Amino acid sequence: MSELTRDVIEASERRWAWVVAAVVGFVFAVIIFTSVHCAAQPPSNVETIDASRLHLAGEFMEENLGTAVEADGSVTVRVIAQQYSFVPSCIVVPAKTPVVFRVTSPDVVHGFLITNTNINTMVIPGFIAEVRTRFEKPRDHLMPCHEYCSVGHEGMWAKVKVVDQETFAKSYGGQSRASCAG
Ligand code: CUA
């Protein structure tokens, strides 16, 4: 191999090394930007629960599901993700209010995602997924399961209805658990 050919090959290799470094740098920049600017971070809540006894006792018994108003005015929403539905199938929450979602599964891994928000986490049997958020505007959001959970997966979704605080107090305030499911 002549001296000239070797120089050409080396120059080409070096150029490609810079291209790879630039791509890796870009990917890291995107990760840092989304985690800081869009608050896209891995869920940090680690809380275990006996997945075989959800319906028998504790916070995920049927009468405890849905939206509960806390003493400080914030709301806690408890949801069960199961093959192939969410319970409740329609969740109502007030706007401009701190909201905590607590979700768990009695069977397999499901996904918890609310469209047009940054809410997105896995729901793993034996663990409680917790998401803290606040909705600014009244509007409806779709809540599809986004982890493949077997044959009925594509039909597994629910709705989140964000209503203004007055509507929430008037329509749902008197009940211990609110849900817009009919
Ligand atoms: Cu539940 Cu996919």
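Modeller: Accessible areas here come from the Shrake-Rupley method with a 1.4 Å probe. By that method the accessible surface of the chain comes to about 11,000 Å². Carbon and sulfur atoms hold 60% of this surface. Keep in mind that this is a predicted model.

Biologist: What elements make up the chain?

Modeller: Two helices and 10 strands. Read from the N terminus, the order is α-β-β-β-β-β-β-β-β-β-β-α.

Biologist: Why is the chain called more spread out than a compact globule?

Modeller: Set its radius of gyration against the globule rule. For 182 residues the rule gives 16 Å, and the chain has 23 Å. That is well over the rule, so the chain is more spread out than a compact globule. The C-alpha trace spans about 85 × 35 × 30 Å along its principal axes.

Biologist: What share of the residues counts as buried?

Modeller: 34% of the 182 residues. The cut-off for buried is under 20% relative accessible area.

Biologist: What makes a set of residues a nonpolar core?

Modeller: The members are buried nonpolar residues such as Val, Phe and Met, joined through side-chain atoms within 4.5 Å. The largest such core has 31 residues. V93, F101, F112, F135 and M143 have the most contacts inside it. The elements giving two or more residues to this core are β2 (75-82), β4 (90-94), β5 (98-104), β10 (157-163) and α2 (165-172). There is also a second, separate core of five residues, L54, F60, L65 and I128 among them.

Biologist: Which residues does M143 contact, leaving aside neighbours within four places in sequence?

Modeller: M143 touches V79, F86, I91, F112, L113, I114, W157, A158, K159 and V160. Each of these has a heavy atom within 4.5 Å of M143.

Biologist: And across the chain, what share of contacts joins residues at least 24 apart?

Modeller: 62%, taken among contacts between residues at least 6 apart in sequence.

Biologist: Why is E62 called exposed?

Modeller: The cut-off for exposed is over 50%, and E62 has 65% relative accessibility, so E62 counts as exposed. E62 sits in the loop between α1 (3-37) and β1 (66-69). Its C-alpha atom is 21 Å from that of F168, which is 106 residues away along the chain.

Biologist: Why is K96 called partly exposed?

Modeller: K96 has a relative accessible area of 45%. That value falls between the 20% and 50% cut-offs, so K96 is partly exposed. K96 belongs to the loop between β4 and β5.

Biologist: What makes the phi of K96 worth a look?

Modeller: Most residues other than glycine have a negative phi. K96 is not a glycine, yet its phi is positive, about 50 degrees. N116 also has a positive phi, near 65 degrees, and N116 is a residue other than glycine. N116 lies in the loop between β6 (110-113) and β7 (120-123).

Biologist: Is N116 buried or exposed?

Modeller: Exposed. N116 has 60% relative accessible area, and the cut-off is over 50%.

Biologist: What is the omega of the peptide bond from Q83 to Y84?

Modeller: Omega is near -5 degrees, and this bond is cis. Most peptide bonds are trans. Y84 is in the loop between β2 and β3 (85-87). The bond from V87 to P88 is cis too, with omega near -5 degrees. P88 is placed in the loop between β3 and β4.

Biologist: How many charges does the chain carry?

Modeller: 15 positive and 19 negative, counting Lys and Arg against Asp and Glu. Their mean positions are 6 Å apart.

Conventions: Residues numbered from 1 in each chain as written. Predicted model: local features only at pLDDT ≥ 70, side-chain atom pairs only at ≥ 80, totals over all residues. Heavy atoms only, no water. Helix = DSSP H or I, 4+ residues; strand = E, 2+ residues; numbered from the N terminus. Rg over C-alpha atoms; globule rule 2.2 N^0.38 Å. Buried < 20%, exposed > 50% of the residue type's maximum accessible area, 1.4 Å probe, protein only. Charge placed at Lys NZ, Arg CZ, Asp CG, Glu CD.
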